[in-house]
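Here are my notes on this one, in numbered points.

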Amino acid sequence: MPDEHHTAHCCAPARTEGSTAQSAEAHTGVAPAWAGTGTHGIEQAQVPAGEFAMGDAHDDGQPTDGEGPVHRVALPGFEIDATCVTVADFAAFVEATGYRTEAEEFGCSAVFHLAVRAPAEDVVGSSAGTPWWLAVKEADWRRPGGRQSDAYETPDHPVTHVSWHDAAAYCAWAGRALPTEAQWEYAARGGLAGARYPWGDVLHPDGAWRCNIWQGTFPVHNTLADGYLTTAPVRTFAPNGYGLWQTVGNVWEWCADRFSPVHYTSEPVTAPTGPEAGSTRVMRGGSYLCHDSYCNRYRVAARSSNTPDSATANLGFRTVGSP
């Protein structure tokens, strides 16, 4: 995954057209024999039916992200994972199915420069415009920093280096689905109308950190005031009003929807599912690399996108019950 296979996009570089892994063909089409055979063991949060104001009520977002206009959305009740899918959860899926992620097929993935755990010769490129992202050989969900790292040492952390296709494959095995963008935001708000964060409008009102983001000077010095350089365990800090943990910070989370920066202007009121066409998929929640000087997307209204074959060290997912 050298330079020519990436373009800079927010806090997570994307693979570009021309990449050579068997991506789309390997992850779409006929349902695999193991579809629906898995056991999904993550605690569920119950989100009641209701209406909410979706979008950025504070004008905090970047215009190209399309966080507005604020609009009313109605949703039926649903269940959603209280946490992101963990390393242990994903390992159970792989053990049961033999599944290989797209990062494994490509042979490398994107790792933040301060988190590389690999010989120098394994670094085979960087992302244009975001040089802190390095393409590292053999970096994948098992080895998030490269081949000298081991995700099995942190089984309760969110699984990373999973593409949208990989997340959808897990959902097929577990009889689950990725949340729609509207489901994700409604659940992430935890019942607080119009708030910036799952706990209110102030980032750390009591002087304590409530999410895993960057502190210090990005991208060269992290003071670790929140305790983490990269991922934190999925049950770190406190859950929101619906019982969801870490819906902002820690890792970006894939949603089911295709991305459009203008979709909110014409989005249906009831149970929207996103645009019918588009080459990228929605990501929500921000990550441990978000900082107000660079990526102020650790808010419940914030949104970004990436190509569905992209996988990085700060990108994971949670699931909802299948319709």
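This is a predicted model: local features need pLDDT of at least 70, side-chain atom pairs count only at pLDDT 80 or more; totals for chains, interfaces and linings use all residues.

1. Residues are numbered from 1 along each chain as its sequence is written, and side-chain values use heavy atoms, with hydrogens and water left out.

2. Glu79 forms a salt bridge with Arg176 at 2.9 Å, N to O (the rule: a side-chain nitrogen of Lys or Arg within 4 Å of a carboxyl oxygen of Asp or Glu). Glu79 sits in strand E6 and Arg176 in strand E10, so the pair links parts 97 residues apart in sequence (strands are DSSP runs of E, at least two residues; helices are H or I, at least four; both are numbered from the N terminus). Arg176 is buried, at 11%.

3. The count by this rule is 17 salt bridges. Glu43 and Arg235 make one at 2.6 Å, N to O. Both residues lie in loops, so this bridge ties together parts 192 residues apart in sequence. Glu43 is partly exposed at 44%, and Arg235 is partly exposed at 42%.

4. Now for helix H2, residues 87-97: its buried residues include Phe90, Phe93 and Val94. The buried residues of H2 pack against helix H4 (164-174), with contact meaning heavy atoms within 4.5 Å. Gly98 follows H2 and has a positive phi, near 75°.

Technical notes. Buried means under 20% relative accessible area, exposed over 50%, partly exposed in between (1.4 Å probe, protein chains only).
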